[in-house]
Amino acid sequence: MLRFLASRPVVRRPGAAPARPRRRSPLAPYRRLFAAPGALAFTLAAFVGRLPGSMLGVSTVLLIATVRDSYALAGAVSATGVAVTAVAGPLLGRLVDRYGQARVAVPAVVCYVAGATAMVLCVHLGAPAWTLFCCAAGSSGVPSLGSMTRARWAALYRDDPAARHTANSFEQVVDELCFMAGPALAMVLCTTVLPEAGLITAAALLFTGTLLFAAQRRTEPPPGPRPARGRALLTPGLRVILTTFLATGAVFGSMEVATVAAVESFGHSTASSAVLALQAAGSCAAGLVFGALPPRGTAGGRLVTGVAAMALAVLPLLAAHSLATLAPLLFLAGMATAPTMITGMTLVHRQIPAARLNEGMTTVYTGLLIGISTGAAAGGWTVDHLGATSAYLTPVTAAAVAFAIAWAGRSRLRVPPPSA
């Protein structure tokens, strides 16, 4: 009898309500992501070392400006550090691909700590100005933990594009969180503790986080074979991504300057940090949602769409004439950031052979950093010559340039990467 009943098909009774499909939790892709052994450990270690990245520039400028009473000197020293980083970053990325993350990151962070210590001593002891430029150059070889964590995700989920998409989304959210917390922490330390406290804390966190990250050896990708020299970084698709990120970085850098100027013109100068955090919060929210959804269409199409959305989202900022209108518009503008950056990094993974992945990602991030510095300078010029009411002309122009580059190069994003 039991056999007979078990063999009968299950038929829904007439009039019975259909069974409701089980809803998929929006956090399910992230839970699955961290199910890999060691994933949580290297992510937490990397976060400790990535937070100082957004503290270094602010801490250096505040230290020199406070002790030496010269923002011009502080800006010039900071610009020197950015210029040297633009050269050293991709070289460090190539060494990581060739010799492994731990073997390169640990010596690099030791060199950075030595340079940062020398900077603090030179400023404190009144050393000549040229020594500060030497210290800035010597401490610019900062290991890119963001690139190395992305490389670990790519190795862990080599055959799972959906998981890599979620991982790229999560990493972008971490970047935004560091952007929100780092400068604020540096400002508090430098203004309420000691002018040197920001840089000392950043160096200590970077050193500790890098050592903890390097100790997670079981998730470290093995070094790849020696790649063909230069070929991978000359792919047409990567050139499109790099130039798009240059213009996108100019949007970020100029928008920060424009927002500070606009908020001050509204008579709320103390609210600048909170208003800027809204932009990062919008990006965080969009990144989490974007990572939980399956990607649609081609990655190249998504990049063009994301840059177009970013260009459209910054336009309303030109009409913001009060803090009440500026704050929500910045939140909405930030929502276009994460999907664009996530898709860009996905395309980098596809354009670069695995043997040169760290070098490729570091190169693109260096382009973004150069764009941010250039955009900040251009935004400052706009504020000085056209006034705070026209401050957002620079990010609007930079966003239009980024869209033009992405649109013109969309066909090149489908070109397969060369062999390593």
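Reply: Rings of Phe, Tyr and Trp (its six-membered ring) pair if their centres lie within 6.5 Å; planes under 30 degrees apart count as stacked, over 60 as edge-to-face and the rest as tilted. This is a predicted model, in which local features need pLDDT of at least 70, side-chain atom pairs count only at pLDDT 80 or more, and totals for chains, interfaces and linings use all residues. Residues are numbered from 1 along each chain as its sequence is written, and side-chain values use heavy atoms, with hydrogens and water left out.

Me: How many aromatic pairs are there by this rule, and which residues do ring pairs link into a cluster?

Reply: The count is six aromatic pairs. A cluster linked by ring pairs holds Phe34, Phe42, Trp153, Tyr157, Phe170 and Phe213.

Me: Why is the pair of Phe34 and Phe170 edge-to-face?

Reply: The ring centres of Phe34 and Phe170 are 5.1 Å apart and the planes stand at 80 degrees, so this pair is edge-to-face.

Me: Is Phe170 buried or exposed?

Reply: Buried means under 20% relative accessible area, exposed over 50%, and partly exposed in between (1.4 Å probe, protein chains only). Phe170 has 17% relative accessibility and counts as buried, whereas Phe34, at 25%, is partly exposed.

Me: Over the face of which rings does Arg152 lie?

Reply: A charge sits over a ring if NZ of Lys or CZ of Arg is within 6 Å of the ring centre and within 35 degrees of the ring normal. Arg152 lies over the face of Phe42, 5.7 Å from the ring centre, and over that of Phe213, at 4.1 Å.
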